[in-house]
Amino acid sequence: MAQARAALRDVVPRLVALVRSVPDADSAAVGTWTVGDVAAHLAHVFRLDTDAVAGRPVPHATVTTAGMAEVNAKMLAEDGERDPAVLADRIGALADEFDDVASRSRAATVDWLQGVRLPPSAVACHLLEECLVHGYDIARVTGRPWPIQRHHALLAVEEGALPLIAALPPAAFLNEEKAGSYRARFEVRLRGGGRTLLVFDGGSLTLDAAGAGDVDARVSADPAALMLMFIGRQGQWKPLLEGKLAAWGRRPWKLARMFTVISPP
């Protein structure tokens, strides 16, 4: 939690400044969302994760792509604020509240979406991932820099995304139609971090901490590049050409399909 809080204290001021600098909140950003929608969504995530760590009720949601799209659309419809300056102030205030709540949290686990029990640190790292990814979204539209530090991305993936994959139902992070016939095992080595075995088995994604064993491929990845690929913000070819992604083993070509079957909520 201390590392997650420190990372958020590094990232949030840059995020607030980025949101405040948005020249046109109606510019298209991600999917059907405008930049203003992305900023409003960030405020909603801060509220949700703060409430979770504080032990307060969180919205009812099914954590799948469709389920979260429904919840996010409802929150955006109920909150008409899209002024970048107002949303920047809101995010800054909510970040302060989150840090205060997190500093006083002594719970081993808290209730998150879909009744999942998570360590408060995993909630904090989920929030960090949201800041990093949506900061990237806003920066890409506005043409402003958004460097992602390796140790921040490492926290977001290892202590945020992976605990969610482990805690949620095994189909939560998959495209049901595309994943049904897909079977593969990848040992993922995050640069600067540890190793994780991802097991895709006919519509399920699980983590195997027991060891690599027989794998289709071993993958070495820069944490920020993998995070952006995993969340659908970047394809695999640019990281491959830049040396931020490498795969080897008996069936490394299976990696290409992995990014088509993953569908993060």
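Trainee: To how many aromatic pairs does the count come?
Mentor: This is a predicted model, so local features need pLDDT of at least 70 and side-chain atom pairs count only at pLDDT 80 or more, while totals for chains, interfaces and linings use all residues. Residues are numbered from 1 along each chain as its sequence is written, and side-chain values use heavy atoms, with hydrogens and water left out. Rings of Phe, Tyr and Trp (its six-membered ring) pair if their centres lie within 6.5 Å; planes under 30 degrees apart are stacked, over 60 edge-to-face, the rest tilted. By this rule the count is 3.

Trainee: What kind of aromatic pair do phenylalanine 173 and phenylalanine 230 form?
Mentor: A pair of aromatic rings is described by the distance of the centres and the angle of the planes. Here the centres are 6.2 Å apart. The planes make 40°, and the pair is tilted.

Trainee: How many residues apart in sequence are the parts that phenylalanine 173 and phenylalanine 230 tie together?
Mentor: Helices (H or I, at least four residues) and strands (E, at least two) are DSSP runs, numbered from the N terminus. Phenylalanine 173 lies in the loop between helix 6 (150-167) and helix 7 (176-179). Phenylalanine 230 belongs to helix 8 (residues 223-230), so the pair ties together parts at a sequence separation of 57 residues.

Trainee: Is phenylalanine 230 buried or exposed?
Mentor: Buried means under 20% relative accessible area, exposed over 50%, partly exposed in between (1.4 Å probe, protein chains only). Phenylalanine 230 has 14% relative accessibility, so it counts as buried.

Trainee: What kind of pair do the rings of phenylalanine 186 and phenylalanine 200 make?
Mentor: Their centres are 6.2 Å apart. Their planes stand at 75°, so the pair is edge-to-face.

Trainee: In which strand does phenylalanine 200 lie?
Mentor: Phenylalanine 186 is in strand 5 (residues 183-190), and the pair ties together parts that are 14 residues apart in sequence. Phenylalanine 200 itself lies in strand 6 (residues 195-201).

Trainee: Which residues do ring pairs link into a cluster?
Mentor: Phenylalanine 186 and phenylalanine 200 form an edge-to-face pair. Ring pairs link them into a cluster with Tyr182, which gives the members Tyr182, Phe186 and Phe200.

Trainee: Which residues does proline 264 touch, not counting those up to four places away in sequence?
Mentor: Proline 264 sits in the segment after helix 10 (254-261). It is buried, at 17% relative accessible area. Contact means heavy atoms within 4.5 Å. The residues touched are Thr65, Phe173, Phe230 and Ile231.

Trainee: Is proline 57 buried or exposed?
Mentor: Proline 57 is found in the loop between helix 2 (35-54) and helix 3 (65-78). Its C-alpha atom is 9.5 Å from that of leucine 113, 56 residues apart along the chain. At 72% relative accessibility, proline 57 counts as exposed.

Trainee: What is the phi of glutamine 114?
Mentor: Glutamine 114 lies in the loop between strand 3 (110-111) and strand 4 (117-118). The residue is partly exposed, at 33% relative accessible area. It is not a glycine, yet its phi is positive, at about 60°.

Trainee: What radius of gyration does the protein have?
Mentor: The radius is taken over C-alpha atoms, and the globule rule is 2.2 Å times the number of residues to the power 0.38. With 265 residues, a compact globule would be near 18 Å. The protein agrees, with 18 Å.
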